Amino acid sequence: MISYSHHNQEVSKKNLHLIALSGGSDSVVLFHLLKQNGFRLHAVHCNFLLRGEESVRDMEFCQSLCEKWNTPITILTFQTKAYAEKHHVGIEMAARKLRYDAFEKLRKQLHADKIFVGTHQDDLIETLFINMLRSTGIEGLTGIARERNHIVRPLIDYSRSDILAYAEQQQLSYIHDSSNDDEQILRNAIRHRLIPTLLDIAPHAKTSLVNMARNISDVMPLLHQATQKAIKDVLFDKKIDICRLRQQPSPEWILYNILSPLGF
């Protein structure tokens, strides 16, 4: 059974926290857990103007839920398609950028402490595959952090099936986002087609992938430290010493980390 636990004891129930509330099972379960544990919450619902009347339904559901639990809610509306076209990014990336920037802005305005989101273990695994397919590099294999930059993900150790079981046990109502059924979207294709096939081949694949992500995440600070030391060894007055670079254990990795921050 899902229960609330947090590794960082600095998260205080007395402080005000934001919670991303979409109306889906994951966010509703997280909302219920936090309210049951006495957290002070301010809900945030995002309308990306992508699903017409269904978006209105979602907004009204979240407003009703917050009214039932006597919780304030802020509705954020985004011109997602226009943003994606302007910045030449996909819809999913545009929505992510818009909502997290808005979350942080609202957090500061309300003097809130943390931002709780309902990301779970299946989200982590799907993100691993997306990152691999997009060649995001080794950092893309670290998955999704439990906590970073005020964002807290208490459900990261629980699967989608765990969340649905909790919702059923607690008789919680939630809504279904029909866009999650569209397999033209990469994440959905991975969720509905790739992962079930993988589990047929290797039933313990999810556990193995999560453990891999955690292991890589654990060594990233060491890799970052070694990389910065190597950069200092080869970079002088914004000039790269090619001879010293070639002597490094991984010259291409060091060169990448020098040039990438400059926009190459």
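1. The loop between strand 5 (147-148) and strand 6 (151-152) holds N149. In this predicted model, N149 has a positive phi of about 50° although it is not a glycine. Its relative accessibility is 62%, so N149 counts as exposed, the cut-off for that class being over 50%.

2. A second residue other than glycine with a positive phi is Q171, for which the value is near 55°. With a relative accessible area of 72%, Q171 is exposed.

3. Helix 6 itself spans residues 160-169, and I163, Y166 and A167 are buried in it. These residues lie on the same side of helix 6, because they cover an arc of only 100° around the axis. As for the partner of this side, the buried residues of helix 6 pack against helix 1 (25-36).

4. T119 deserves a separate point. This residue is located in the loop between strand 4 (115-116) and helix 5 (121-133). Despite the loop position, T119 has a relative accessible area of 12% and is therefore buried, since buried means under 20%. Which residues does T119 contact, leaving aside its neighbours within four places in sequence? The contacts of T119 are with I144, R153, L155 and I156.

5. Strand 2 (40-47) and strand 3 (73-77) pair in the parallel sense, over five bridges. Within this pairing, V44 stands opposite T74 of strand 3. Together with helix 2 (53-68), strand 2 and strand 3 make a right-handed β-α-β unit.

6. The structure holds five aromatic pairs. One of them is formed by F48 and F78, and why is this pair stacked? The ring centres of F48 and F78 are 5.4 Å apart and the planes stand at 20°, so the pair counts as stacked, the cut-off for the angle being under 30 degrees.

7. F48 lies in the loop between strand 2 and helix 2, whereas F78 lies in the loop between strand 3 and helix 3 (80-87). The pair therefore ties together parts that are 30 residues apart in sequence. Are F48 and F78 buried or exposed? Both residues are buried.

8. Y100 and F103 also form an aromatic pair, and this one is edge-to-face. The distance is 5.7 Å centre to centre, with 85° between the planes; an angle over 60 degrees is what places a pair in the edge-to-face class. Y100 and F103 both belong to helix 4 (residues 91-110), where they are three residues apart, about one turn of the helix. Y100 is buried, with a relative accessible area of 17%. F103 is buried as well, and its relative accessible area is 3%.

Conventions
Residues are numbered from 1 along each chain as its sequence is written. This is a predicted model: local features need pLDDT of at least 70, side-chain atom pairs count only at pLDDT 80 or more; totals for chains, interfaces and linings use all residues. Side-chain values use heavy atoms; hydrogens and water are left out. Buried means under 20% relative accessible area, exposed over 50%, partly exposed in between (1.4 Å probe, protein chains only). Helices (H or I, at least four residues) and strands (E, at least two) are DSSP runs, numbered from the N terminus. The arc is that of the directions from the helix axis to the C-beta atoms. Contact means heavy atoms within 4.5 Å. Rings of Phe, Tyr and Trp (its six-membered ring) pair if their centres lie within 6.5 Å; planes under 30 degrees apart count as stacked, over 60 as edge-to-face and the rest as tilted. Two strands pair if DSSP finds at least two bridges between them. A crossover is right-handed if, with the strands pointing away from the viewer, the path from the first strand over the helix to the second runs clockwise.
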